[in-house]
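Open the structure in your viewer and keep the selection tool at hand. The stops below say what to select next and what is there.

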Amino acid sequence: MNAMEKEHRETAPGFRQRLGSALVLPLTQRLARLFSADAAAPAEDAAVAAGSIDALPAVFLAAAVPDPLYIFGPDAEILHANEAADRAFGPVARGASLRLKFRAPEMHELVGKAVAGNEASVAINYSERVPVERAYRVVASRIGNETGLFVLLFKDQSEARRIDRMRADFIANASHELRTPLASIAGFIETLRGPARDDPVARENFLQIMHNQTQRMARLIDDLLSLSRLEMKPYLKPGGQIDVVRLVEGVIEATRHLAGEYGVVIESTLPDAPIPIAGNPDELTQVFENLLENACKYGGAGGRIQVSAEQKNPLEEVRVTVRDFGPGIAEEHIPRITERFYRVDVETSRAQKGTGLGLSIVKHILTRHDARLSVRSKPGEGAAFTVHFPPVPPAARG
Ligand SMILES: Nc1ncnc2c1ncn2[C@@H]1O[C@H](COP(=O)(O)OP(=O)(O)O)[C@@H](O)[C@H]1O
Ligand SMILES: [Mg+2]
């Protein structure tokens, strides 16, 4: 036995006693007691005060762990629960059985294995359905070699699972969106090789359809790349100041042609004076292009689009609104239209060369700008999309 081990053995019972007496008190009192002069041998207190790691009380360590943690003995009796554990699973009486607290068979097996002590630590996945669904990775480990104490630590993985699920859904959606035009192209290739081989009129027709489908795939890939580029730098704050009035005017000019195709007139109420905002001009151009295009495509039936920009005073937010007078959006769809691939009507969106990604790109870009999108609509009366930008304080204006 080396010197370290020897010392460990000698201090273990004392440590348990101290831990035991400290455990019955509420945390604040426990901490006070452990710090107070009469808590333990004066030499040990001095060591704690000096930050000596050897005398660090387990409850201090447990309190510093942000994840739920239990310290238990060889009979699976709970000796200590940290505050995170009380919050996550409710308070427990000291000495209560872990096996009663967590009745799942896999937890019993885990605790059993830890106590049997063949491995220093064992882990399982554990989930709770009530009150909310939570998924944990739970690790049970022996504390030291001879303490007769064990620790049960819960790592909350719910958020990571949710993100995994979202990613899987996204990949499934993206693949499906690409597969549809691909299947159509493959079908027409077969037809061109077989029945339509000697039919020049049909061939021209099919080639045109195939061309449209490849363009649809290209648009989808462009949008997917835009999204992934934005996701790679979600917090990069766009530097520089721009005049949002000029930017919006530029987008209106660029959209007039499309508006003409839809028989839509764009009216604008923009102030003469510039309104500075902090932002990246290319990204913000993409935002307003998307909103104006949507207004033409989905709200074109109303015959006109109104674009306005205002800032009540230099300390208030800047609002830019794109309003159409088309069919509008039913209330239940409004919270979802910025989701990826969400479309109120898939066929209409396809017919309008939509990918279902436009508004999610808009939302991403605005988040990066500390800005947000709000949508108001009454079915039958059109839809208004407003972008809210934080003000640039007068002192910071360049
Ligand atoms: N101005 C609007 N009026 C009615 N519906 C709209 C309008 N703008 C967007 N939408 C609905 O929101 C959906 C999502 O828009 P978007 O993300 O730009 O995708 P896309 O235009 O590619 O379909 C559209 O498919 C459409 O159903
Ligand atoms: Mg769109």
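Which helices each supply at least two residues of the shell around ligand 1? They are α11, residues 281-299, and α13, residues 358-368. Keep in mind throughout that this is a predicted model.

**Stop 1: the whole chain**

Colour the protein chain by secondary structure. The chain contains 13 helices and 12 strands. Of its 398 residues, 26% are buried. Among contacts between residues at least 6 apart in sequence, 56% join residues at least 24 apart.

**Stop 2: ligand 1**

Select ligand 1 and the 20 residues around it. V344, S349, G354, G358 and L359 come nearest. By class, the shell is made up of 8 nonpolar, 9 polar and 3 charged residues. Helix α11 gives the largest share, 5 residues.

**Stop 3: α11 against α13**

Now show the two helices from the opening question together. Two packed helices are described by the angle between their axes and the distance between the axes. For α11 and α13, the angle is about 145° and the axes are 9 Å apart. The crossing of α11 past α13 is left-handed. On the α11 side, the contact is made by E283, Q286, V287, N290, L291 and N294. On the α13 side, select G358, L359, I361, V362, I365 and L366. The residues of this contact divide into 7 nonpolar, 4 polar and 1 charged. G358 and L359 belong to this contact and are also among the residues that come nearest to ligand 1.

**Stop 4**

Why is α13 described as largely enclosed by the rest of the structure? The reason is that 8 of its 11 residues are buried, a label that needs 20 or more other C-beta atoms within 10 Å of a residue's own. The buried residues are G358, L359, S360, I361, V362, H364, I365 and L366. Their cover includes α9 (200-232), α11, β11 (372-378) and β12 (382-389). After α13 comes D370, which has a positive phi near 60°.

**Stop 5: an open sheet**

Select the sheet with the strand order β2-β1-β5-β4-β3. These 5 strands form an open sheet with antiparallel pairing. β2 (78-81) and β3 (121-128) each have a single partner strand and stand at the edges, so one side of each has no neighbour in the sheet. From one strand to the next, the twist averages 20°.

Zoom in on β1, residues 69-72, which is joined to β5, residues 149-156, by 4 bridges. Within this antiparallel pair, F72 stands opposite F150. Towards β2, β1 has 3 bridges, and these two strands also run antiparallel. Y70 has A81 in β2 as its bridge partner. The hairpin of β1 and β2 has 5 residues between the strands, and A76 there takes a positive phi near 65°.

Which strands does α7 lie across? They are β3, β4 (134-143) and β5, and α7 runs at about 165° to β3.

**Stop 6: R256**

Finish in helix α10, residues 244-261, where R256 is found. R256 is partly exposed, with 13 other C-beta atoms within 10 Å. Select L292 as well: R256 and L292 are 36 residues apart in sequence, and their C-alpha atoms are 9.7 Å apart in space.

Notes:
Residues numbered from 1 in each chain as written. Chains lettered and ligands numbered in written order. Predicted model: local features only at pLDDT ≥ 70, side-chain atom pairs only at ≥ 80, totals over all residues. Near = placed C-beta within 6 Å. Nonpolar A, V, L, I, M, F, W, Y, C, P; charged D, E, K, R; others polar. Pairing = 2+ DSSP bridges. Axes fitted to C-alpha atoms, helices over the stretch in contact; angles between N-to-C directions. Contact = placed C-beta atoms within 7 Å. Buried ≥ 20, exposed ≤ 12 C-beta atoms within 10 Å, placed from the backbone. Left-handed = near helix turned anticlockwise from the far one by under 90°.
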